[in-house]
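This briefing sets out the computed geometry of one model for a reader who works with coordinates. The sequence and structure come first, followed by the main points grouped by topic.

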Number of protein chains: 2
Amino acid sequence: MIRVVLAEDQAMVLSAFASLLELEDDIEVVATAANGEEALAAVNEHRPDVLLTDIEMPLLSGLDVAQRLADERTEVRVVIFTTFARSGYLRRAMDAGVAGYVLKDAPITDLVDALRRVHSGERVVAPELAVAAWGEADPLTDRERDVLRLVGEGLPNSEISERLHLSEGTVRNYLSSAILKLSARNRTEAFAFARDKGYL
Amino acid sequence: MIRVVLAEDQAMVLSAFASLLELEDDIEVVATAANGEEALAAVNEHRPDVLLTDIEMPLLSGLDVAQRLADERTEVRVVIFTTFARSGYLRRAMDAGVAGYVLKDAPITDLVDALRRVHSGERVVAPELAVAAWGEADPLTDRERDVLRLVGEGLPNSEISERLHLSEGTVRNYLSSAILKLSARNRTEAFAFARDKGYL
DNA sequence: CAGCGGCCATGACAACTGTCATCCCGGAGT
DNA sequence: ACTCCGGGATGACAGTTGTCATGGCCGCTG
């Protein structure tokens, strides 16, 4: 029996997957969580074989949860299941030592299959990503990422500089180098590129 | 028996909901669709009582599908189920004459409940939205929306003017008035506001 | 018919953004 | 010791963006 904790922020989707997994007779959903904090708590309380988690959730993302569990050397295998085929997400997931990465676009059989294979010690990665990710690493520095995130909120350089306690010129420099690295034409495009690759 | 066509672009989520609905003994999923075009085709072929559809899908959005069905006076009640609590989405849904609007954040019982009530002639709208939407209508003109969409892709004014066959000054004017109407500080923030309200 | 609002355009100006050269500091490698 | 890289900063300059005033053309509505 594979004991699973399921984390997903949309209530309907969460319960839909939960009942679906319960239909498999070698899988048991021992707890569900609606955000990252709850996921961590559930894992610590129930000690499941596998944590099956979405990425984009409130409070703590699925990637953050995976990282924390790795840091704490918690004995649980993590499977990420997400909408986003972003190479940066996969890279961070691998860095956090996750055992599986499945796309919500794939048929559910892939999900159940991944759970079984992960449980038996294998690592499973969505094929369309396995290739893509083996190209580019995130070229951005921490500060460049900080600036880009605020750019995405529509803040002008003056306010970005205040929030990060930097001079306005420095903000311009970071942004300029991020734009260069991403081959973007301006701040907005740079943000869009970084977001779509999962760098933020 | 309520005959339902289900449209949702993420394969896993689609089949999860499909099997969940099949568990109800007064609901029958007669067809599923992975995008707007398929949804229209499925409705025309199967003539279901209800079309249950996501909004953000490839080819044709759920709102577009609802609008088309209304234009063609097709005899089917539409229920939107989406992640996004955006007032603009709800407004467009109401304009397209949909019978229900449910959030994926709500418990699944709400979904099944909505299907039953819609089938019996009622209209159902997620309570958190019913209130919010009764405030602001979309203040933007068509051209302002056109410009904002391209701004979101990170294009500079020069290129936006080419794409829309306008002079660059005109683009600046539209953008300036959109920024004013949305009380934004710059193009990026204006885009973010418009997107978050569902105006685009 | 006058008035309003949307659409399109110009020109001028100010403000913001992006690039570049150049500098200082500190830590990690060789 | 020397070099490379990241963080942080300045100043100068060009280019882009945002605002405003103003004008014209259309179609709708009171």
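Which residue takes a positive phi just after helix 4 of chain B? The residue is B:G97, with a phi of about 70°. The model is predicted, so local features need pLDDT of at least 70 and side-chain atom pairs count only at pLDDT 80 or more, whereas totals for chains, interfaces and linings use all residues. Residues are numbered from 1 along each chain as its sequence is written, and chains are lettered from A and ligands numbered from 1 in the order in which they are written. Helices (H or I, at least four residues) and strands (E, at least two) are DSSP runs, numbered from the N terminus.

**Chain A: overall features**

- Chain A holds ten helices and six strands.
- Along the principal axes, the C-alpha atoms of chain A fill a box of roughly 60 × 35 × 30 Å.
- Of its 200 residues, 44% count as buried; a residue is buried if 20 or more other C-beta atoms, placed from the backbone, lie within 10 Å of its own, exposed if 12 or fewer, and partly exposed in between.
- Two residues are in contact if their C-beta atoms, placed from the backbone, lie within 7 Å; among contacts in chain A between residues at least 6 apart in sequence, 61% join residues at least 24 apart.

**Strand pairing and sheet packing**

- In chain A, strand 1 (residues 2-7) and strand 2 (residues 27-33) run parallel and are joined by six bridges; two strands pair if DSSP finds at least two bridges between them.
- A:R3 stands opposite A:E28 of strand 2 of chain A.
- Strand 1, helix 1 (residues 11-22) and strand 2 of chain A form a right-handed β-α-β unit, meaning that, with the strands pointing away from the viewer, the path from the first strand over the helix to the second runs clockwise.
- Chain B has an open sheet of six strands in the order 2-1-3-4-5-6, with parallel pairing. Its edge strands are strand 2 (27-33) and strand 6 (124-125), each of which pairs on one side only.
- Strand 4 (residues 77-82) and strand 5 (residues 100-103) of chain B run parallel and share four bridges, and B:T82 has B:L103 in strand 5 as its bridge partner.
- Helix 1 of chain B lies across strand 1 (2-7) and strand 2 of chain B, at about 165° to strand 2. Axes are lines fitted to C-alpha atoms, for helices over the stretch in contact, and angles run from 0 to 180 degrees between N-to-C directions.
- Helix 2 (residues 36-46) of chain B also packs on the sheet and touches strand 1, strand 2 and strand 3 (50-53), its direction making about 135° with that of strand 2.

**Contact between the chains**

- Chain A and chain B each give 27 residues to the contact.
- On the side of chain B that touches chain A, helix 1 (11-22), helix 5 (108-119) and helix 10 (187-197) of chain B give two or more residues each.
- Helix 1 of chain B supplies the largest share of that side, eight residues.
- By class, that side has 14 nonpolar, seven polar and six charged residues; Ala, Val, Leu, Ile, Met, Phe, Trp, Tyr, Cys and Pro count as nonpolar, Asp, Glu, Lys and Arg as charged, and the others, Gly among them, as polar.

**Surfaces near the DNA strands**

- DNA strand C is surrounded by 20 residues, the closest being A:N186, B:T141, B:L166, B:S167 and B:G169; a residue is near a strand if its C-beta atom, placed from the backbone, lies within 6 Å of it.
- The largest share of the surface near DNA strand C, six residues, comes from helix 9 of chain A.
- Around DNA strand D there are 20 residues, of which A:T141, A:S167, A:G169, B:P156 and B:N157 come nearest.
- Helix 9 of chain B gives the most to the surface near DNA strand D, with six residues.
- The surface near DNA strand D divides into five nonpolar, eleven polar and four charged residues.

**Local features of chain B**

- Seven of the nine residues of helix 4 (residues 87-95) of chain B are buried, among them B:Y89 and B:L90.
- B:R47, in the loop between helix 2 and strand 3 of chain B, has a positive phi near 45° although it is not glycine. B:R47 is partly exposed, with 13 other C-beta atoms within 10 Å.
- B:S183, in the loop between helix 9 and helix 10 of chain B, has a positive phi of about 50° and is not a glycine. B:S183 counts as exposed because it has 9 C-beta neighbours inside 10 Å.
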